[in-house]
Structures are given as structure tokens and as C-alpha cells.
Amino acid sequence: MPLALTVIRTPIDCAVASYASDSPLLTFGKKKDYIGLPFCKQESGKAVDMAKVRCILRGLDVKTCLFLFAVVPMCIFGIYLHGQKISYFLRPLWEKPPKPFHVIPHYYNENVSMENLCRLHGWRIREYPRRVYDAVLFSNELEILNLRWRELYPYITQFVLLESNSTFTGRPKPLVFRGNQERFRFVEYRLTYGTVGGRLKKGENPFVEEAYQRVALDQLLKIAGITDDDLLIMSDVDEIPSAHTINLLRWCDDIPPILHLQLKNYLYSFEFLVDDNSWRASVHRYWSGKTRYAHYRQSDDLLADAGWHCSFCFRHIRDFIFKMKAYSHNDRVRFSHYLNPKGIQDVICKGADLFDMLPEEYSFKEIIGKMGPIPHSYSAVHLPAYLLENAEKYKFLLPGNCLRRPDDPGKVFYEL
């Protein structure tokens, strides 16, 4: 009897062949090799594989295809662009806030005697003031350093400054302070200045190099002549204690051996007040063999309203770019357009974030409350005296003056 060839289609449109004869029906399912069929004998292995792929794709509806080829890639790209924001926003889920400080109320008025001020804080007045040492690591913050030293000058026994020929990120840099030392003649006889060779190890954790330089600063303090019970200010250049705060601490007895300073936190200038949560600056009663220069939390005591922290407060755009690439958090520069001068200028005037980041807070309420640009402030009350006395020179730090001076390519780097 002649054979009749019957073609059967599966739900996914795959060919299945069967031979009808007096013998039982012989079928080939989709999981079988097709090479047994007379019309497939000419097919290569590659062609069969492609046929299988086409069969699979025919079984996908439009919504599934749209999800696989449009939504999934867009989600991956969105995570790449905004992964850091997502991480910061979800921070309250896995990280608890640090232990609260014991905040010491700060009393001050220029017409109140020092004896009364000490008593208001629960301290006794001394017969004579302590000596005070102000020690900093220096990178390129010439304007803020001048403002800092002018503010503290009346009460500092010795200014101690250490400069490296390397950034924390292992990049070589010029000795900026040495090249501009003439500008600081007013502290010449109270200055202990030292340099340290950086290790220039690119790719290393920047905090390792930072710690290395802080250890070197400990040695420089000994050269400067610090002794037991002297006061030592530990802070970055842009963390400026107010003069009356340091005068209070040097005249009062019974102050905590380590006291953190609560500073008003500004960004770009004194026009953008972020909050009053800057606390890393500290004042120590020095003790040989125990006191180590550091920039992290070392006690639970915090003196309220004790000065100013002005971060990224530069005159020139080039200095913004340098710091963004040089400081310990340089990993925040995730895209090259963050370093575009025009973009940086726009960010400064808006009060936005240079790194397009969310606030580093520990609750959703605080994160949401601080999202977006920093509100403009038009108050220039209770700012460093030298700043206001030289307002024309430091106009870029005052409210309403966000435009930075254009960089002159003909000038030597850092020459002001």
C-alpha cells in the first residue's frame, strides 16, 4: 500500500512529521532530531539550531518581547546611571545613625566677661590661658587658609602646616603653600611648616595616604614644641573654629580632654547653608604618647555653634576640578562631564551637588527633606571678621556672588 505523508503542526508552529501506513503511526516530537525526515536530510546542524530559535521566538507574545528587549536594558542602564542614588536613598534600611553627641550649650557675647562665660559652661577660669596649636594638612586651599589663620591669629601659639607633593589619590602636585608663602608673612614667626614626600601609589585607597600624612603631622607637632595640656586643634583647613570659641577653651579649666566642635556647614560659599551638622573638627588637651592626630569621632562631647565649615569654597573653577580628582572621595566622579567647567559653574549658582548625589542621611525623612538644591541664604551675620572687613577681596564667598573668576590659561597654576 502506498505511504501517505502527513504534516502535523504543534502549538508553537514546529513541524512534526508522521508516516501513515498499515504499521503504527510513527511521529517525531519537537525534542527529537529532524534529520530522520526525508525533507530535512539536506539541512545542516546550524540551520536546525536557527530553526529551533525561530520556533522559540514565535512562541513569545509582544509584551514579553517588549519586556526582554526594552524594559530590561533600560533598567540595567538606569541602575548604572543612578545606582549610587539608589544606594544612598536606601541607606536607612541597613545602616543605623551613630550614637548622638552630648551637646554642650555655647554661651557667648562680646560684652560678657570671660569669668562669667566659663561659669556659664560649668567650668572655672584659669589664672593664665593655655597655649594653642593649630595643625592642618594642606592641599590647595589658599583663600580659606588665609581666612582661617586671620580668624585664629590672636589666640594661636604656633601654626603647624604639613604639605605633600602628592594628593590623597596618588597624583603628583606642586607644593602650593611653598610657592605662595609670601602671602602669609603675618604668621612667619609662629609657623612650623613641613613637607612630606607622597608615595604616589595610584589605585590605592585614598584614606591610606591620608592616614600616612596625618602620622607625619604628629611628628611635625613635636618639632613645633607642643607639650602636655596645650590645646591642639585638629581639623581640615576649611573647618574654621571661631576665634571666641578658641579663646574660651584656652581660658577655662575643666574642659573635656577631647571636645568636638559643631560647625555651620556651608557649600561653595556662605550663601549656601546646608545644616549645622559638621562635627569632625576637634580640640584636644594634648597628652604625650596618647594624643594622635585624626579626623574622625574621638569623643561624645560636642560644643554647639563653634565656627564654620565651608566646603569647596574656591575662587577658581580649576581648584574645584583639582579637588574633585584629588581628595579622598574622588570615586564620586563617576562621569567625565562632572568635571566640565561650565557645568560646575551652573551647579555652584544653583546650590546643587557637584557629584549629583543624594544627601548622606540616616532617615528617609531627612533624605527627602534635603533633596534638591540648597536654598539661598542672604544672611552675612556672624561670619569671620576678616571676611567682612575684606568683602571686596572675598566677594565670591558672600551671598549673591556665585559666579567664579574665569581661569586665565596664561597664568601659572595656583598663582592668584
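1. Helices here are DSSP runs of H or I with at least four residues, strands are runs of E with at least two, and both are numbered from the N terminus. The model is predicted: local features need pLDDT of at least 70, side-chain atom pairs count only at pLDDT 80 or more, and totals for chains, interfaces and linings use all residues. Residues are numbered from 1 along each chain as its sequence is written, and side-chain values use heavy atoms, leaving out hydrogens and water.

2. The patch consists of L90, L93, W94, F364, I368 and M371, with about 600 Å² of accessible area together. Accessible areas follow the Shrake-Rupley method with a 1.4 Å probe, and for residues only the protein chains shown count as cover. Patch residues have over 30% relative accessible area and no salt bridge, and nonpolar side chains (Val, Leu, Ile, Met, Phe, Trp, Tyr) are joined within 5 Å. A salt bridge is a side-chain nitrogen of Lys or Arg within 4 Å of a carboxyl oxygen of Asp or Glu.

3. L90 sits in the loop between helix 2 (62–89) and helix 3. Its relative accessible area is 31%, so L90 is partly exposed; buried means under 20%, exposed over 50%, and partly exposed in between (1.4 Å probe, protein chains only).

4. Eight strands make an open sheet with mixed pairing, in the order 4-16-12-15-9-6-7-8. Strand 4 (102–104) and strand 8 (191–196) are at the edges; each has a single partner strand, so one side of each lacks a neighbour in the sheet. From one strand to the next, the twist averages 25°. Two strands pair if DSSP finds at least two bridges between them. Strand 4 and strand 16 (residues 301–303) run parallel and are joined by three bridges, with H102 partnered by D301.

5. Helix 5 (residues 142–152) packs on this sheet, touching strand 6 (132–138), strand 7 (158–164), strand 8 and strand 9 (231–234), and its direction makes about 180° with that of strand 6. Contact means heavy atoms within 4.5 Å. Axes are lines fitted to C-alpha atoms, for helices over the stretch in contact, and angles run from 0 to 180 degrees between N-to-C directions.

Definitions and conventions:
Patch = residues over 30% accessible without salt bridge, like charges linked within 9 Å, V, L, I, M, F, W, Y side chains within 5 Å.
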